[in-house]
Amino acid sequence: MKLSNRLLNINGGGSDGWEVFLEARRMIDAGQPVVELTIGEHDTRTAPDILMQMYESARSGNTGYAEVPGSSTLRTEIAARYQRITGVKTDMDNVLVTTGGQAALFSAHMAVLDPGDIGLICDPYYATYPGVLRAAGADLRRVATRSSDCFLPQRAVLETTAQGARSLLINSPNNPTGVVYPRETMEMIADVCIKNDIWLISDEVYDSQIWQGEHLSPRALPGMADRTLVIGSMSKSHAMTGSRIGWIIGPARAIEEITNLSTVNAYGVPGFLQDAAEYALKLGPDAEQKVAEVFRTRKAIAEKILSKSNTLRLIPAQGAMYLMLDIRATGLSGEAFAFRLLREALIAVMPGESFGQSAAGHIRVAMTIEDSKFAESLQKLADFAASLCKSDNLGN
Ligand code: PMP
(Lines give C-alpha, C1' and ligand atoms only; values in the text may rest on other atoms or scores of the structure.)
Protein backbone atom coordinates (compact mmCIF):
# COMPACT_ATOMS: atom_id res chain seq x y z
CA MET A 1 0.00 0.00 0.00
CA LYS A 2 1.15 3.49 -0.75
CA LEU A 3 2.50 5.52 2.15
CA SER A 4 2.05 9.27 2.23
CA ASN A 5 4.55 11.51 0.50
CA ARG A 6 4.75 13.54 3.71
CA LEU A 7 6.00 10.47 5.55
CA LEU A 8 8.40 9.28 2.86
CA ASN A 9 9.82 12.76 2.53
CA ILE A 10 10.84 13.17 6.19
CA ASN A 11 14.43 11.99 5.85
CA GLY A 12 14.92 13.81 2.55
CA GLY A 13 16.52 10.84 0.78
CA GLY A 14 20.24 10.16 0.32
CA SER A 15 22.86 9.98 3.07
CA ASP A 16 21.80 11.47 6.38
CA GLY A 17 25.37 11.80 7.68
CA TRP A 18 24.86 9.28 10.49
CA GLU A 19 26.99 6.51 8.97
CA VAL A 20 29.91 7.05 11.38
CA PHE A 21 27.53 6.87 14.33
CA LEU A 22 25.96 3.64 13.04
CA GLU A 23 29.37 2.11 12.34
CA ALA A 24 30.45 2.97 15.91
CA ARG A 25 27.34 1.24 17.25
CA ARG A 26 28.12 -1.87 15.16
CA MET A 27 31.69 -1.94 16.46
CA ILE A 28 30.50 -1.60 20.06
CA ASP A 29 27.98 -4.40 19.55
CA ALA A 30 30.83 -6.54 18.20
CA GLY A 31 32.70 -5.95 21.47
CA GLN A 32 35.21 -3.30 20.39
CA PRO A 33 36.17 -0.73 23.08
CA VAL A 34 34.98 2.35 21.19
CA VAL A 35 34.87 5.63 23.15
CA GLU A 36 31.60 7.36 22.21
CA LEU A 37 31.62 11.13 21.97
CA THR A 38 28.64 11.26 19.64
CA ILE A 39 25.20 12.03 21.06
CA GLY A 40 24.02 14.62 23.59
CA GLU A 41 23.14 12.33 26.44
CA HIS A 42 24.46 13.05 29.96
CA ASP A 43 26.70 10.45 31.56
CA THR A 44 24.77 11.07 34.80
CA ARG A 45 21.19 9.88 35.22
CA THR A 46 18.09 11.68 36.52
CA ALA A 47 18.60 12.51 40.23
CA PRO A 48 17.08 9.98 42.68
CA ASP A 49 14.90 12.57 44.44
CA ILE A 50 13.27 13.48 41.11
CA LEU A 51 12.66 9.78 40.43
CA MET A 52 11.13 9.46 43.89
CA GLN A 53 8.63 12.21 43.02
CA MET A 54 7.65 10.31 39.88
CA TYR A 55 7.08 7.20 41.92
CA GLU A 56 5.14 8.94 44.68
CA SER A 57 2.97 10.80 42.21
CA ALA A 58 2.15 7.58 40.35
CA ARG A 59 1.54 5.74 43.62
CA SER A 60 -0.86 8.45 44.76
CA GLY A 61 -2.95 7.81 41.65
CA ASN A 62 -1.69 10.27 39.04
CA THR A 63 -1.69 7.60 36.34
CA GLY A 64 -4.79 8.64 34.41
CA TYR A 65 -5.19 11.05 31.52
CA ALA A 66 -3.56 14.37 32.30
CA GLU A 67 -4.74 17.81 31.21
CA VAL A 68 -3.73 18.20 27.55
CA PRO A 69 -1.84 21.53 27.79
CA GLY A 70 -0.07 20.36 30.96
CA SER A 71 -1.01 20.73 34.62
CA SER A 72 -1.59 24.33 35.64
CA THR A 73 1.02 24.02 38.40
CA LEU A 74 3.74 22.81 35.99
CA ARG A 75 2.84 25.44 33.40
CA THR A 76 3.04 28.10 36.12
CA GLU A 77 6.45 26.80 37.22
CA ILE A 78 7.79 26.80 33.62
CA ALA A 79 6.49 30.36 33.15
CA ALA A 80 8.18 31.46 36.38
CA ARG A 81 11.49 29.91 35.33
CA TYR A 82 11.37 31.65 31.95
CA GLN A 83 10.42 34.96 33.59
CA ARG A 84 13.28 34.61 36.08
CA ILE A 85 15.83 33.97 33.33
CA THR A 86 14.59 36.55 30.82
CA GLY A 87 12.68 39.17 32.81
CA VAL A 88 9.74 38.85 30.36
CA LYS A 89 6.33 38.64 32.02
CA THR A 90 5.08 35.11 31.33
CA ASP A 91 2.20 33.16 32.82
CA MET A 92 0.70 29.72 32.43
CA ASP A 93 -1.43 30.76 29.44
CA ASN A 94 1.82 31.30 27.54
CA VAL A 95 2.98 27.71 28.17
CA LEU A 96 2.11 24.38 26.55
CA VAL A 97 3.74 21.21 27.93
CA THR A 98 4.83 18.75 25.21
CA THR A 99 6.49 15.34 24.94
CA GLY A 100 10.02 16.72 25.00
CA GLY A 101 11.53 19.61 23.11
CA GLN A 102 11.30 17.49 19.98
CA ALA A 103 7.48 17.49 19.95
CA ALA A 104 7.60 21.20 20.78
CA LEU A 105 9.71 21.80 17.66
CA PHE A 106 7.30 19.83 15.50
CA SER A 107 4.17 21.45 16.95
CA ALA A 108 5.63 24.94 16.63
CA HIS A 109 6.36 24.40 12.94
CA MET A 110 2.94 22.82 12.32
CA ALA A 111 1.47 25.89 14.00
CA VAL A 112 3.04 28.50 11.74
CA LEU A 113 3.66 26.79 8.38
CA ASP A 114 1.17 25.64 5.78
CA PRO A 115 2.25 23.02 3.23
CA GLY A 116 4.60 24.64 0.72
CA ASP A 117 5.50 27.58 3.00
CA ILE A 118 9.20 28.34 3.30
CA GLY A 119 10.81 27.65 6.67
CA LEU A 120 14.39 28.69 7.44
CA ILE A 121 16.99 26.90 9.52
CA CYS A 122 20.54 28.04 10.25
CA ASP A 123 23.22 25.69 8.93
CA PRO A 124 24.81 23.89 10.81
CA TYR A 125 21.70 22.64 12.59
CA TYR A 126 20.57 20.03 15.10
CA ALA A 127 20.12 16.85 13.08
CA THR A 128 16.33 16.53 13.40
CA TYR A 129 15.54 20.05 12.14
CA PRO A 130 15.24 19.32 8.39
CA GLY A 131 12.93 16.37 9.10
CA VAL A 132 10.74 18.49 11.37
CA LEU A 133 10.21 21.03 8.60
CA ARG A 134 9.58 18.39 5.98
CA ALA A 135 7.12 16.58 8.26
CA ALA A 136 5.25 19.87 8.58
CA GLY A 137 5.08 19.98 4.77
CA ALA A 138 7.29 23.05 4.53
CA ASP A 139 9.91 23.93 1.96
CA LEU A 140 13.23 23.98 3.75
CA ARG A 141 15.66 26.82 3.13
CA ARG A 142 19.08 26.88 4.78
CA VAL A 143 20.81 29.99 6.08
CA ALA A 144 24.49 29.27 5.47
CA THR A 145 27.07 30.39 8.06
CA ARG A 146 30.87 30.29 8.19
CA SER A 147 33.34 28.83 10.60
CA SER A 148 35.29 32.11 10.50
CA ASP A 149 32.15 33.91 11.83
CA CYS A 150 31.83 31.29 14.60
CA PHE A 151 28.81 30.02 12.64
CA LEU A 152 26.77 33.11 13.55
CA PRO A 153 24.20 34.06 10.88
CA GLN A 154 25.16 37.25 9.05
CA ARG A 155 22.69 39.99 8.10
CA ALA A 156 23.34 39.97 4.34
CA VAL A 157 22.81 36.21 4.04
CA LEU A 158 19.75 36.19 6.30
CA GLU A 159 18.14 39.12 4.50
CA THR A 160 18.46 37.34 1.18
CA THR A 161 17.23 33.94 2.39
CA ALA A 162 14.40 35.50 4.42
CA GLN A 163 12.57 36.76 1.34
CA GLY A 164 9.22 35.03 1.15
CA ALA A 165 9.88 32.86 4.25
CA ARG A 166 7.28 32.30 7.01
CA SER A 167 9.50 31.06 9.84
CA LEU A 168 13.07 31.01 11.08
CA LEU A 169 14.39 28.41 13.52
CA ILE A 170 17.40 29.38 15.62
CA ASN A 171 19.21 27.63 18.47
CA SER A 172 21.30 29.33 21.14
CA PRO A 173 23.28 27.95 22.97
CA ASN A 174 23.88 26.01 19.80
CA ASN A 175 24.03 22.34 19.03
CA PRO A 176 26.33 21.43 17.25
CA THR A 177 28.64 24.47 17.44
CA GLY A 178 28.67 25.34 21.18
CA VAL A 179 28.26 29.00 20.26
CA VAL A 180 26.01 31.41 22.21
CA TYR A 181 24.42 34.11 20.03
CA PRO A 182 25.45 37.56 21.24
CA ARG A 183 22.94 40.41 21.64
CA GLU A 184 23.88 42.02 18.28
CA THR A 185 23.10 38.78 16.44
CA MET A 186 19.75 38.36 18.23
CA GLU A 187 18.83 41.99 17.51
CA MET A 188 19.74 41.57 13.85
CA ILE A 189 17.63 38.40 13.66
CA ALA A 190 14.69 40.14 15.35
CA ASP A 191 14.96 43.04 12.91
CA VAL A 192 14.93 40.73 9.87
CA CYS A 193 11.96 38.78 11.31
CA ILE A 194 9.95 41.94 11.89
CA LYS A 195 10.77 43.42 8.47
CA ASN A 196 9.85 40.19 6.67
CA ASP A 197 6.89 39.29 8.93
CA ILE A 198 8.48 36.00 9.95
CA TRP A 199 7.75 33.79 12.97
CA LEU A 200 10.87 33.13 15.03
CA ILE A 201 11.14 29.71 16.63
CA SER A 202 13.84 29.90 19.27
CA ASP A 203 15.18 26.57 20.49
CA GLU A 204 16.53 27.27 23.98
CA VAL A 205 16.87 23.74 25.34
CA TYR A 206 20.49 24.45 26.37
CA ASP A 207 19.68 27.68 28.27
CA SER A 208 21.16 26.29 31.50
CA GLN A 209 24.51 25.50 29.85
CA ILE A 210 26.27 28.82 29.41
CA TRP A 211 30.05 28.93 29.83
CA GLN A 212 30.68 32.38 28.39
CA GLY A 213 28.45 35.36 27.56
CA GLU A 214 24.77 35.44 28.52
CA HIS A 215 21.66 33.68 27.34
CA LEU A 216 19.34 36.12 25.61
CA SER A 217 15.90 34.89 24.60
CA PRO A 218 14.75 36.82 21.52
CA ARG A 219 11.19 36.84 22.91
CA ALA A 220 12.55 39.54 25.27
CA LEU A 221 13.40 41.91 22.41
CA PRO A 222 11.02 44.75 21.43
CA GLY A 223 8.26 43.65 19.06
CA MET A 224 9.16 39.96 19.33
CA ALA A 225 6.79 38.54 21.98
CA ASP A 226 3.93 38.26 19.45
CA ARG A 227 6.00 36.46 16.81
CA THR A 228 8.27 34.18 18.85
CA LEU A 229 7.73 30.61 19.97
CA VAL A 230 10.34 29.46 22.50
CA ILE A 231 11.21 25.77 22.70
CA GLY A 232 12.31 24.45 26.11
CA SER A 233 12.90 21.11 27.77
CA MET A 234 13.82 19.33 31.00
CA SER A 235 16.14 17.03 29.04
CA LYS A 236 19.41 18.95 29.20
CA SER A 237 18.82 21.15 32.26
CA HIS A 238 17.87 18.30 34.60
CA ALA A 239 19.33 15.21 32.90
CA MET A 240 15.79 14.05 32.14
CA THR A 241 16.12 13.09 28.47
CA GLY A 242 14.02 9.95 28.91
CA SER A 243 11.16 11.70 30.71
CA ARG A 244 10.15 13.56 27.52
CA ILE A 245 9.03 16.80 29.13
CA GLY A 246 9.33 19.89 26.98
CA TRP A 247 7.35 23.03 26.26
CA ILE A 248 6.46 25.87 23.95
CA ILE A 249 6.28 29.41 25.32
CA GLY A 250 4.49 31.95 23.14
CA PRO A 251 1.46 34.20 22.68
CA ALA A 252 -1.57 32.89 24.65
CA ARG A 253 -3.73 32.60 21.49
CA ALA A 254 -1.09 30.53 19.68
CA ILE A 255 -0.69 28.29 22.73
CA GLU A 256 -4.44 27.74 22.92
CA GLU A 257 -4.58 26.73 19.24
CA ILE A 258 -1.45 24.50 19.40
CA THR A 259 -3.14 22.66 22.27
CA ASN A 260 -5.56 21.28 19.63
CA LEU A 261 -2.59 19.66 17.93
CA SER A 262 -1.54 18.05 21.24
CA THR A 263 -5.09 16.77 21.63
CA VAL A 264 -4.95 14.92 18.35
CA ASN A 265 -1.41 13.56 18.55
CA ALA A 266 -0.65 12.88 22.21
CA TYR A 267 -3.62 13.73 24.43
CA GLY A 268 -1.34 15.04 27.13
CA VAL A 269 1.91 14.15 28.84
CA PRO A 270 1.92 11.58 31.71
CA GLY A 271 0.88 13.32 34.93
CA PHE A 272 3.47 11.64 37.17
CA LEU A 273 6.25 12.85 34.87
CA GLN A 274 4.81 16.33 34.96
CA ASP A 275 4.78 16.23 38.77
CA ALA A 276 8.43 15.16 38.79
CA ALA A 277 9.31 17.99 36.40
CA GLU A 278 7.48 20.48 38.61
CA TYR A 279 9.39 19.24 41.65
CA ALA A 280 12.69 19.48 39.72
CA LEU A 281 11.99 23.03 38.57
CA LYS A 282 11.17 24.05 42.16
CA LEU A 283 14.71 23.01 43.15
CA GLY A 284 15.75 26.23 41.37
CA PRO A 285 18.85 27.28 39.43
CA ASP A 286 21.36 25.55 41.74
CA ALA A 287 20.11 22.10 40.72
CA GLU A 288 20.44 23.07 37.05
CA GLN A 289 23.93 24.39 37.60
CA LYS A 290 24.93 21.14 39.25
CA VAL A 291 23.95 19.24 36.10
CA ALA A 292 25.71 21.78 33.85
CA GLU A 293 28.89 22.04 35.93
CA VAL A 294 30.40 18.76 34.71
CA PHE A 295 30.42 20.07 31.14
CA ARG A 296 32.01 23.37 32.20
CA THR A 297 34.83 21.36 33.81
CA ARG A 298 35.31 19.24 30.67
CA LYS A 299 35.27 22.30 28.45
CA ALA A 300 38.20 23.67 30.48
CA ILE A 301 40.02 20.31 30.18
CA ALA A 302 39.51 20.38 26.41
CA GLU A 303 40.67 23.98 26.03
CA LYS A 304 43.91 23.13 27.82
CA ILE A 305 44.63 20.11 25.63
CA LEU A 306 43.59 21.78 22.37
CA SER A 307 45.58 24.97 23.04
CA LYS A 308 48.69 22.87 22.34
CA SER A 309 47.41 21.57 19.01
CA ASN A 310 48.56 23.17 15.77
CA THR A 311 46.17 21.02 13.76
CA LEU A 312 42.81 21.40 15.49
CA ARG A 313 41.02 24.70 15.94
CA LEU A 314 38.33 24.89 18.60
CA ILE A 315 35.34 27.09 17.77
CA PRO A 316 34.94 29.19 20.98
CA ALA A 317 33.01 26.88 23.31
CA GLN A 318 30.51 29.21 24.97
CA GLY A 319 27.65 26.87 25.83
CA ALA A 320 25.98 23.45 25.43
CA MET A 321 27.66 20.09 25.92
CA TYR A 322 29.56 20.02 22.62
CA LEU A 323 32.84 21.13 21.09
CA MET A 324 33.14 21.95 17.39
CA LEU A 325 36.62 21.38 15.99
CA ASP A 326 37.93 22.61 12.67
CA ILE A 327 39.96 19.73 11.23
CA ARG A 328 40.60 21.18 7.77
CA ALA A 329 44.35 21.39 8.43
CA THR A 330 44.43 17.60 8.12
CA GLY A 331 43.21 17.87 4.53
CA LEU A 332 40.32 15.49 5.26
CA SER A 333 36.57 16.04 5.23
CA GLY A 334 34.84 15.81 8.60
CA GLU A 335 33.39 12.47 7.57
CA ALA A 336 36.70 10.99 6.39
CA PHE A 337 38.41 12.21 9.58
CA ALA A 338 35.65 10.76 11.78
CA PHE A 339 35.78 7.40 9.98
CA ARG A 340 39.55 7.14 10.34
CA LEU A 341 39.45 8.26 13.98
CA LEU A 342 36.89 5.56 14.65
CA ARG A 343 38.74 2.76 12.87
CA GLU A 344 42.31 3.69 13.84
CA ALA A 345 41.88 5.24 17.31
CA LEU A 346 38.52 3.74 18.38
CA ILE A 347 37.01 7.16 19.13
CA ALA A 348 33.55 8.02 17.75
CA VAL A 349 32.68 11.65 17.02
CA MET A 350 30.12 13.23 14.68
CA PRO A 351 31.28 14.61 11.31
CA GLY A 352 30.34 18.28 10.88
CA GLU A 353 28.64 17.30 7.62
CA SER A 354 25.95 15.47 9.63
CA PHE A 355 24.72 18.92 10.67
CA GLY A 356 24.80 20.61 7.27
CA GLN A 357 27.28 21.74 4.66
CA SER A 358 28.38 24.84 6.61
CA ALA A 359 30.14 22.55 9.10
CA ALA A 360 32.02 20.53 6.45
CA GLY A 361 35.63 19.95 7.50
CA HIS A 362 34.68 20.00 11.19
CA ILE A 363 33.81 17.42 13.81
CA ARG A 364 31.52 17.64 16.83
CA VAL A 365 32.70 16.17 20.12
CA ALA A 366 30.10 15.52 22.85
CA MET A 367 31.58 16.08 26.33
CA THR A 368 29.61 13.21 27.72
CA ILE A 369 32.09 10.86 29.35
CA GLU A 370 33.85 10.96 32.71
CA ASP A 371 36.63 13.59 33.08
CA SER A 372 39.81 11.48 33.03
CA LYS A 373 38.60 9.30 30.15
CA PHE A 374 37.49 12.46 28.35
CA ALA A 375 40.93 14.07 28.77
CA GLU A 376 42.67 10.90 27.61
CA SER A 377 40.43 10.60 24.55
CA LEU A 378 40.84 14.23 23.53
CA GLN A 379 44.61 13.92 23.80
CA LYS A 380 44.43 10.83 21.62
CA LEU A 381 42.25 12.71 19.13
CA ALA A 382 44.74 15.63 19.02
CA ASP A 383 47.67 13.23 18.55
CA PHE A 384 45.79 11.45 15.78
CA ALA A 385 45.13 14.75 13.97
CA ALA A 386 48.80 15.75 14.33
CA SER A 387 49.93 12.39 12.96
CA LEU A 388 47.80 12.93 9.85
CA CYS A 389 49.57 16.23 9.18
CA LYS A 390 53.02 14.67 9.74
CA SER A 391 52.38 11.87 7.29
CA ASP A 392 51.10 14.48 4.87
CA ASN A 393 54.37 16.46 5.21
CA LEU A 394 56.37 13.34 4.50
CA GLY A 395 54.36 12.88 1.34
CA ASN A 396 52.93 9.54 2.57
N1 PMP B 1 16.90 20.91 20.32
C2 PMP B 1 18.21 20.64 20.34
C3 PMP B 1 19.15 21.67 19.82
C4 PMP B 1 18.69 19.42 20.82
O5 PMP B 1 20.00 19.17 20.83
C6 PMP B 1 17.75 18.47 21.29
C7 PMP B 1 18.17 17.11 21.80
N8 PMP B 1 19.44 16.70 21.62
C9 PMP B 1 16.39 18.80 21.25
C10 PMP B 1 16.00 20.02 20.76
C11 PMP B 1 15.31 17.86 21.68
O12 PMP B 1 15.45 17.54 23.02
P13 PMP B 1 14.32 16.78 23.84
O14 PMP B 1 13.29 16.29 22.90
O15 PMP B 1 15.01 15.69 24.56
O16 PMP B 1 13.76 17.81 24.77
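**Reading salt bridges, burial and a ligand site**

A: Arg-155 forms a salt bridge with Glu-159, and their closest N and O atoms are 3.1 Å apart; a salt bridge here is a side-chain nitrogen of Lys or Arg within 4 Å of a carboxyl oxygen of Asp or Glu. Please keep in mind that this is a predicted model, in which local features need pLDDT of at least 70 and side-chain atom pairs count only at pLDDT 80 or more, while totals for chains, interfaces and linings use all residues. Residues are numbered from 1 along each chain as its sequence is written, and side-chain values use heavy atoms, with hydrogens and water left out.

Q: Where do Arg-155 and Glu-159 lie?

A: Helices (H or I, at least four residues) and strands (E, at least two) are DSSP runs, numbered from the N terminus. Both Arg-155 and Glu-159 lie in helix α7 (residues 155–161), four residues apart, which is about one turn of the helix. They are also linked with Asp-191 and Lys-195 in a network of salt bridges.

Q: Which parts does the salt bridge between Arg-227 and Asp-197 tie together?

A: The side chains of Arg-227 and Asp-197 meet at 3.2 Å, N to O. Arg-227 lies in the loop between β6 and β7, whereas Asp-197 lies in the loop between α8 (183–196) and β6, so the pair ties together parts that are 30 residues apart in sequence.

Q: Is Ser-217 buried or exposed?

A: Buried means under 20% relative accessible area, exposed over 50%, and partly exposed in between (1.4 Å probe, protein chains only). Ser-217 counts as buried because its relative accessibility is 2%, and it lies in the loop between β6 (199–203) and β7 (228–233).

Q: What polar contacts does the side chain of Ser-217 make?

A: A polar contact is a pair of N or O atoms within 3.5 Å; within protein, one must be able to donate a hydrogen and the other to accept it, and residues adjacent in sequence count only if both atoms are side-chain atoms. The side chain of Ser-217 makes one with the side chain of Tyr-82 at 2.5 Å, and another, of 2.8 Å, with that of Glu-204.

Q: Which element gives the largest share of the shell around the ligand?

A: That element is α5, which gives four residues. As for individual atoms, a polar side-chain atom of Ser-235 lies 2.6 Å from an oxygen atom of the ligand.
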